[in-house]
Amino acid sequence: MVNQKEYDLHDVVEMKKPHPCQSNSWEIIRMGMDIRIKCQKCGQMVLMPRREFEKKMKKVLVKAETSK
């Protein structure tokens, strides 16, 4: 079974564990081999490998608007 989550740059995602500031919404601000996310409440930034991010991500809360 393939569990493929779809996310893109500037999407707001929810992680499985909340941040110590009690917020659980993160914005994706950089994508590549590593993914950088930013806490929506306190501004803390975290860089983690894509594989780890996909394991820890629960769902996409808000999709970023695409400018097509």
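I call a residue buried under 20% relative accessible area, exposed over 50%, and partly exposed in between (1.4 Å probe, protein chains only). This is a predicted model, where local features need pLDDT of at least 70, side-chain atom pairs count only at pLDDT 80 or more, and totals for chains, interfaces and linings use all residues. Residues are numbered from 1 along each chain as its sequence is written, and side-chain values use heavy atoms, with hydrogens and water left out.

**Fold.** I read the order as β-β-β-β-α-β. Helices (H or I, at least four residues) and strands (E, at least two) are DSSP runs, numbered from the N terminus. Of the 68 residues, 28% are buried.

**Salt bridges.** I took a side-chain nitrogen of Lys or Arg within 4 Å of a carboxyl oxygen of Asp or Glu. The structure has four.

I looked at Lys-63 with Asp-11 and found 3.3 Å, N to O. Lys-63 follows strand E5 (57–62) and Asp-11 precedes strand E1 (12–15), 52 residues apart. Asp-11 is buried, at 1% relative accessibility.

Next I checked Glu-14 and Lys-59, which pair at 3.9 Å, N to O. Glu-14 is in strand E1 and Lys-59 in strand E5, so this bridge ties parts 45 residues apart in sequence. Glu-14 is buried at 15%, whereas Lys-59 is partly exposed at 43%. I also noted a salt-bridge network that links Glu-14, Lys-58 and Lys-59.

Last, I looked up Glu-52 and Lys-56, whose closest N and O atoms are 2.7 Å apart. Both lie in helix H1 (residues 50–56), four residues apart, about one turn. Glu-52 is partly exposed at 28%, and Lys-56 is partly exposed at 39%.
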